[in-house]
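Work through the exercises below with the sequence and the model open side by side. Each task is followed by a worked solution.

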Amino acid sequence: MARVIAVANQKGGVGKTTTAVNLSASFAAAEQPTLLIDIDPQANASNGLGIKTRDLEKTVYEVLVGTMAVQDAVVPTEMPHLDVLPSHINLVGAEIEIVDVKNRERLLAERINSIRHKYKFIVIDCPPSLGLLTLNALTAADSILVPVQCEYYALEGLGQLLNTISIVRKHLNPRLEIEGVLLTMYDNRLRLSNQVVQEVTRHLGEKVCKTIIGRNVRLAEAPSHGKPVILYDALSIGAKHYLDLAQEILDREKLRFSGQNHNGNAADSSTPEIATGAEAASAAVSAVASAMQEPIKQGK
Ligand SMILES: Nc1ncnc2c1ncn2[C@@H]1O[C@H](COP(=O)(O)OP(=O)(O)OP(=O)(O)O)[C@@H](O)[C@H]1O
Ligand SMILES: [Mg+2]
């Protein structure tokens, strides 16, 4: 069964898409069957992998609103072991269209059930908001990976995100773990970058990924060629950093797996009940909605 990792942070431009695309490609390079789900209406991850989304008729939008089966919308990429469920600008409307649908936060989780066994990893690229699309991703996920840009306001908005994670855990998905906080766009020539690393590590300790993603122009160039960095410039430092991140997560998976066997799968028995009532789900949505009232500074 695939491990589902949502790459999320409501702050814009922090490296979510760059991470989702290149982490997925690095898993695929390690011969781990991987599906990248693009649940951002901007469709940057799909376009970054060379998919022309404008005229696509089979996308995550049709899957979410229920007019298409997920396996019919998944497309292969140039890379063996890497498939994509592309997005489309129509997805902007999906949040409104599904607002009255029963279990609207669980749509993605339900839709991907039938294909989870085909992959080792499913990586979800989220939009820069804490709306219904991100909520669907967090409800479907086993873990959340949070890219944080090494800049002055690095920690801003993180409290709100952690609050959302606890709301999701309580009402929608008690399994949700924090895969890690990933420092991105690190520039070792800048004192600020080093200060951010220290500050984030001081606050979040072990939750911070050991791998730090450096600022690398190849990472910024690759999407305009429709390729992950590993195909665009395999020897670049950006390619190396994302391979390191994939290895870090794979190593953790191995540990987790051996731990589970050792404990006779004890983790399952301690998993709390998932709240299924419409009431619980509405409570989660309104709590997230009220959290969203706070102004969000865009990092771009
Ligand atoms: N490590 C990096 N080095 C250099 N440029 C980077 C790096 N990571 C991301 N970028 C660039 O920074 C910009 C924002 O990155 P990205 O699109 O991944 O962020 P995002 O969080 O997905 O944005 P949004 O919130 O709009 O979805 C892009 O132009 C991207 O190419
Ligand atoms: Mg993005």
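**Exercise 1: The pairing of strand β2**

Task: Find the strands that pair with β2 in this predicted model, and state the sense in which β2 and β4 run.

Solution. 
Step 1. Take β4 (residues 82–85): 4 bridges join this strand to β2, and the two run parallel. Within this pair, Leu35 is opposite Asp83 of β4.
Step 2. Take β5 (residues 121–125): 5 bridges connect β5 with β2, again in the parallel sense. Here Ile37 lies opposite Ile124 of β5.

**Exercise 2: The shell around ligand 1**

Task: Which helix supplies the largest share of the shell around ligand 1, and how do the shell residues divide into nonpolar, polar and charged?

Solution. 
Step 1. Count the shell: 19 residues surround ligand 1, and the closest are Lys16, Thr17, Thr18, Pro128 and Ala220.
Step 2. The largest share, 3 residues, is that of α1.
Step 3. Sort by type: the shell holds 6 nonpolar, 10 polar and 3 charged residues.

**Exercise 3: The length and sides of helix α8**

Task: What should the 14 residues of α8 span at 1.5 Å a residue, and which residues of α8 are buried?

Solution. 
Step 1. Check the length: at 1.5 Å a residue, the 14 residues of α8 (residues 158–171) should span 20 Å, and the end C-alpha atoms are 20 Å apart, so the two values agree.
Step 2. List the buried residues of α8: Leu161, Thr164, Ile167, Val168 and His171. They lie on the same side of α8, because they cover an arc of only 120° around the axis.
Step 3. Turn to the face away from that buried side: Gly159 and Ser166 are exposed there.

**Exercise 4: The whole protein**

Task: How many helices and strands does the protein have, and what percentage of its residues is buried?

Solution. 
Step 1. There are 14 helices and 7 strands.
Step 2. Of the 300 residues, 46% are buried.
Step 3. Among contacts between residues at least 6 apart in sequence, 79% join residues at least 24 apart.

Notes. Residues numbered from 1 in each chain as written. Chains lettered and ligands numbered in written order. Predicted model: local features only at pLDDT ≥ 70, side-chain atom pairs only at ≥ 80, totals over all residues. Pairing = 2+ DSSP bridges. Near = placed C-beta within 6 Å. Nonpolar A, V, L, I, M, F, W, Y, C, P; charged D, E, K, R; others polar. Expected span 1.5 Å × (residues − 1). Buried ≥ 20, exposed ≤ 12 C-beta atoms within 10 Å, placed from the backbone. Arc of directions from axis to C-beta. Contact = placed C-beta atoms within 7 Å.
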